[in-house]
Amino acid sequence: MWPSEPDLFFPDHVEPEGAKDGPSWYFAFLGSELVCKSVSGSIEPLSGDDFRWLDLDMGEKHYLGTYEQNHCFAVRGKGASPEGYVALDLRGILGRVQQPIFYLSGRAKQILDWSETHRFCGRCGEKTDYHKSDRAKICPRCGLICYPRLSPSIIVLVTRGEEMLLARNVNWPAGMYSTLAGFVESGESIEQTVHREVHEEVGLQVKELRYFGSQSWPFPNSLMLGFHAEYKSGEIVCQAGEIADAQWFKRDSLPQTPPKTAISGWLIEEFVRSLA
Ligand SMILES: [Zn+2]
């Protein structure tokens with residue numbers, strides 16, 4: 001199932017009393033890699049007991065909230081992965097941990113990244129403080145408030161009858177095709193972004209936009225907003241330097257496409273299901 005339902009995570013930025021003694025998950029990063037342990041063939045982040053036992057050299061700690069009554073923390077430190085554990089980047093855990101754990105790992109990394117890059121005010125250079133009531137940093141001199149950054153992006157599967165338009169980015173491995181995607185620009189609605197990106201990347205006009213769902217995509221801080229859209233007019237013209245190839249595909253002759261852990265894979269799967 002696509003994760004459209006609320007899950008069992010309750011965010012909070014203030015650590016409640018006694019949280020560190022209760023059941024907990026530690027999203028412990030060494031640089032950009034999450035320290036994980038293998039549990040009967042799959043992997044998990046560290047439990048509170050693991051974290052205390054390992055005694056890792058960690059810097060800042062951020063409280064994230066509770067997931068299934070477990071207190072969740074984000075920490076980052078230095079050094080090598082401890083013996084018997086593995087350190088994997090977020091792409092390395094995608095599809096190998098339960099989906100809520102992937103999103104929590106992404107949340108943890110984004111908060112750590114934001115905290116590291118907002119230690120000083122971007123306007124006046126003063127050292128920032130934590131905001132008292134929000135997950136934010138505030139400048140004590142000029143009052144600038146900075147929240148963790150999100151970069152909304154659209155992702156769209158364009159269809160024409162039973163055909164799907166899939167494209168290959170110039171940087172992707174040969175044979176890999178996906179839906180079109182791009183960042184929302186300042187001043188745009190997400191619908192305008194869909195029309196602009198499709199036109200820029202493949203030279204087509206589309207119609208009948210239908211919102212499908214969204215996905216937090218922590219590479220590094222995207223929020224992907226997924227659409228289906230129907231072809232309206234135009235001939236495929238690939239954007240130079242961006243799109244290596246784009247073609248119409250039928251469901252029985254699909255190229256290699258992203259897995260269902262990515263919203264692009266779900267957009268394709270949903271369309272194929274609708275044809276059945
Ligand atoms: Zn300032």
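Predicted model: local features only at pLDDT ≥ 70, side-chain atom pairs only at ≥ 80, totals over all residues.
Visitor: Which residues of α4 are buried?

Guide: Thr193, Val194, His195, Glu197, Val198, Glu201 and Val202. Buried means 20 or more other C-beta atoms within 10 Å of the residue's own; exposed means 12 or fewer, and partly exposed is in between, with C-beta atoms placed from the backbone. Helices (H or I, at least four residues) and strands (E, at least two) are DSSP runs, numbered from the N terminus.

Visitor: How many residues does α4 have, and how far does it reach from first C-alpha to last?

Guide: α4 (residues 190-202) has 13 residues and reaches 18 Å, close to the 18 Å expected at 1.5 Å a residue. The expected span is 1.5 Å times one less than the number of residues.

Visitor: What follows α4?

Guide: Gly203, with a positive phi near 75°.

Visitor: Now the largest nonpolar core. Which residues touch the most other members?

Guide: Ile154, Val156, Val158 and Val198, out of 30 residues. β11, β12, β13, α4, β14, β15 and α5 (263-275) each supply at least two residues of this core. β11 gives the largest share, five residues. A nonpolar core is a set of buried Ala, Val, Leu, Ile, Met, Phe, Trp, Tyr and Cys residues joined through C-beta atoms within 7 Å.

Visitor: What is Val156 in contact with?

Guide: Leaving aside neighbours within four places in sequence, Val156 contacts Thr179, Leu180, Val194, Val198, Phe227 and Ala229. Contact means C-beta atoms, placed from the backbone, within 7 Å.

Visitor: How is β12 joined to β11?

Guide: By three bridges, running antiparallel. Thr159 has Met164 of β12 as its bridge partner. The two strands form a hairpin with two residues between them, and Gly161 in the turn has a positive phi of about 60°.

Visitor: And how many bridges for β12 and β16?

Guide: Six, antiparallel. Strands count as paired if DSSP finds at least two bridges between them. Met164 turns up again here, with Phe249 of β16 as bridge partner. β12 is mostly covered, with five of its seven residues buried.

Visitor: Change of topic. Which strands form the open sheet, in what order?

Guide: β8-β9-β10, paired antiparallel. β8 (129-130) and β10 (145-146) are at the edges with a single partner strand each, so one side of each has no neighbour in the sheet. β9 (residues 137-138) and β10 share two bridges. Ile138 has Ile145 of β10 as its bridge partner.

Visitor: Into which domains is the chain divided?

Guide: Domain 1 (9-106), domain 2 (118-149) and domain 3 (151-275). The bounds come from an automatic or database domain assignment. The C-alpha centres of domain 2 and domain 3 lie 36 Å apart.

Visitor: Last one. How many helices and strands in the chain?

Guide: Five helices and 16 strands. Of the 276 residues, 32% are buried.

Note on methods
Residues numbered from 1 in each chain as written. Contact = placed C-beta atoms within 7 Å.
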